[in-house]
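Subject: Handing over a structure, with notes

Dear colleague,

I am passing on to you the structure that I have been looking at, and I would be glad if you could read my notes with the model open beside them.

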Amino acid sequence: MSEHAAPRDGVADQDDADSDRDRSEAGGARVSRRTLLGTAATAGAVGLAGCTARQYRSPPDCGAVASAADAADGYVPLPAGDERSMFRRGLRRYGYYPDATVPETVRKAWSIPVNRIGHTAAKSTPRPTPDGETVLVAGDTGTIHAVTPTGERRWTLETGAGRSLGFHGTPAIVGDTAYIGGYDGELYAVDVPTGDIVWHTRTRDFGDAIAIGSSPAYVDGSLYVLTEHKHPASGALWEVDAATGNPTWSDDRLWGMPHPSPAIDCEAGRLVTGSNDGVVYCWAFPSLEFVWSFQAGGEGGPDGDSMAGGRFDLGAQIKGTIPVYDGAAFAGSWDGHFYRLDLADGSKDWAFETGRVVMSNPAIDPKQGIVYVGSDDQHVYALDTETGDDLWSTDVGGRVIGSITATAETILVGSYDTHLYALDRETGERRWRVENRGHVTSGAIPRGDRIYYAERGDFSHYYDDDAETVLEESGHAYCLVPDD
C-alpha cells in the first residue's frame, strides 16, 4: 500500500499473513489470479483479458434497482428500501442525505477509541444499521465495535485484520448481516445482532490478496469489492456470493493497489472504479464485460516513479470512490484535477484543476446538480456537474482526504486540521466546526438528530524519519447531538 504506515509492535508483514485460516461456514472454489497482462490499460475500448470464473456466475438482477429510481418521487438512495445500508449511501455513492437536518450548534455526546495505526488512508466511516438502532464502527486495529445511538456497547469483535492495518473500508449492511474487507486480504460477513462471524474468506480465495481497503457494494445477493496485491503492485475486482463468501467472477486487469469502492449505476448499466495507476476502469453491469478505461495524468499519462516493472507510473493515483450521476463518472486524481467522464465511452467532459492532490470521496446533490469535492490545497469546492464551473470554495485549514457528506442545507467535511466542518450548502460559509484529537478522515453520517464520524490517531514525529513515531492518543469515533 502506498501510504506511509507507522510501525506497530506485533503486526506481521502482510507477505507473511496466514492465508489458510478456515472460514466459518463457506467453502468454495479457489479463483486464481491470471497471468500478468503484458500491457497496461489505456483510454478506449479494451478486451476481456483478465476475467476469470465466468462459468460460475449468475448475473444479478439490476432491474429492481433501476425501476426504483424510475418510480421514485424525487431522490432515493439505490437500492431503495429499508433493509440495506452502504458506504456513501448506496450503489451510486452520492453521499447525499436530503432529509437530514444538521443542528445549528452541536456538542459531543460520546466518543470511543477505535484507531491506533498511523496508516494515512482514510478511516472507516461509522455505519448505522438500516433501523438506526446500532452503529457499526470498524477500527484500524482490526476490531469492529457495535454501539447504540447513545454510545452503549452492544458487542466488540476482534478479527484477523488486527494482524495487519485493520479496517479502513466501511461495512455494507444487508438485513442482519454486515460485510467488510480487511487489510489482511480477507472479507468478513458478521451477524449484526450477535457480532458472530457468519463466514470469512481466506487470502488465497482472492489470489493471495494482501488487503481489501474498498467498501463492498451489494446487488441482488452479490458483493463487489476490490483487492490489493503486490509483486507486482496490482489489483482485482471481484464478485462474491453474499450468502457463502464464494468468489464467482474476477478481473485483475487493474495496476496499482486500488483503494476506491466500486460504484454501480443500474440505469446506465455501468460499474466504475479507479486505481493507483491513475486509470478509471468501467465494466458493463451486470454482464461485467469490460467497456473502457481513462488514463489521468495528462497527455501521455503521469511521469512519476515507474512501478510494476514499468507497467505504470505514479503521479495520477485515483484514491477516492467515483460517484456516478447523470450519465457520468466523477473522479479525483493525484494529478491535481477532478474529472467528469462520460459513462458511455470514458471520454472527458471536463476537468477542474485544484493544483494539488485530489483524493477525497466527493458528494453529489442530484437535485441541484452540484458535486462537492475536497483537495490537498485545503479547500472544498462546489462544482456544477454539467459544466465544471466553480460555484464556491472554502478553506478548511487542512487537507481533505475523506468523505464529504451533503444534506439539503449543509456540507459536512473532515479536515487534517483535526476539525469536522459544517458548511452552508449554498454559499460554503462555515456554520460551525468541532475540534478533535486527530485528522478527521472518515465520512460524517447524519442519522436522526445525531452525527457520527471518526478520526485518525494523534501521532508525533510521524513525518520525521529521524525520530520515533509515537502514538500520543488513540483516534476516536464520535457522536454529535444538538447543543440545546
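This is a predicted model: local features need pLDDT of at least 70, side-chain atom pairs count only at pLDDT 80 or more; totals for chains, interfaces and linings use all residues.

Residues are numbered from 1 along each chain as its sequence is written, and side-chain values use heavy atoms, with hydrogens and water left out.

**The chain as a whole**

The score pLDDT is the predictor's confidence in each residue, from 0 to 100; its mean over the protein chain is 88, and 87% of the residues reach 70 or more. Over residues 1-49, however, pLDDT stays under 50, and the model has 134 contacts beyond four places in sequence for this stretch, where a contact means heavy atoms within 4.5 Å. The chain holds 1 helix and 39 strands, both taken as DSSP runs numbered from the N terminus (helices are H or I with at least four residues, strands are E with at least two).

Of the 484 residues, 63% count as buried; here buried means under 20% relative accessible area, exposed means over 50%, and partly exposed lies in between, with a 1.4 Å probe and protein chains only. Among contacts with a separation of 6 or more, 55% are between residues 24 or more positions apart.

**The nonpolar cores**

In soluble globular proteins, nonpolar side chains tend to be buried together. A nonpolar core is taken here as a set of buried Ala, Val, Leu, Ile, Met, Phe, Trp, Tyr and Cys residues joined through side-chain atoms within 4.5 Å. The largest such core has 39 residues, and those with the most contacts inside it are Ile 264, Trp 283 and Phe 285. Several elements each supply at least two residues of this core, including helix H1 (63-71), strand S14 (222-229), strand S16 (247-255) and strand S19 (279-284). Leaving aside neighbours within four places in sequence, Ile 264 is in contact with residues that include Leu 91, Arg 92, Val 219, Tyr 224, Phe 285 and Val 324. Apart from this core lies another, of 28 residues, with Tyr 325, Ile 364, Tyr 381 and Val 396 among them.

**The salt bridges**

Side chains of opposite charge can pair when their charged atoms come close. The structure holds 12 salt bridges, each being a side-chain nitrogen of Lys or Arg within 4 Å of a carboxyl oxygen of Asp or Glu.

In one of them, Glu 267 pairs with Arg 92, with the closest N and O atoms 4.0 Å apart. This pair links distant parts of the chain, since Glu 267 is in the loop between strand S17 (263-265) and strand S18 (270-274), whereas Arg 92 is in the loop between strand S2 (84-85) and strand S3 (96-97), 175 residues apart. Glu 267 is partly exposed at 44% relative accessible area, while Arg 92 is buried at 11%.

In another, Arg 431 and Glu 104 have their closest N and O atoms 3.1 Å apart. Arg 431 lies in strand S34 (residues 430-435) and Glu 104 in the loop between S3 and strand S4 (106-115), so this pair ties together parts that are 327 residues apart in sequence. Arg 431 is partly exposed, at 21%, and Glu 104 is exposed, at 60%.

Glu 426 and Arg 425 also form a salt bridge, with 3.5 Å between the closest N and O atoms; Glu 426 is exposed, at 60%, but Arg 425 is buried, at 9%. Through salt bridges that share partners, Asp 326, Arg 340 and Asp 349 are joined into one network.

**Two single residues**

Arg 450, in strand S36 (residues 450-454), counts as buried at 19% relative accessibility. A polar atom of its side chain lies 3.1 Å from the backbone oxygen of Pro 149. Beyond four places in sequence, Arg 450 is in contact with residues including Ala 109, Trp 110, Thr 150 and Cys 479.

Asp 305, by contrast, is exposed, with a relative accessible area of 56%, and is found in the loop between strand S20 (290-295) and strand S21 (306-307). Not counting residues up to four places away, Asp 305 touches Phe 312, Asp 313 and Leu 314.

With best wishes

Key:
A polar contact is a pair of N or O atoms within 3.5 Å; within protein, one must be able to donate a hydrogen and the other to accept it, and residues adjacent in sequence count only if both atoms are side-chain atoms.
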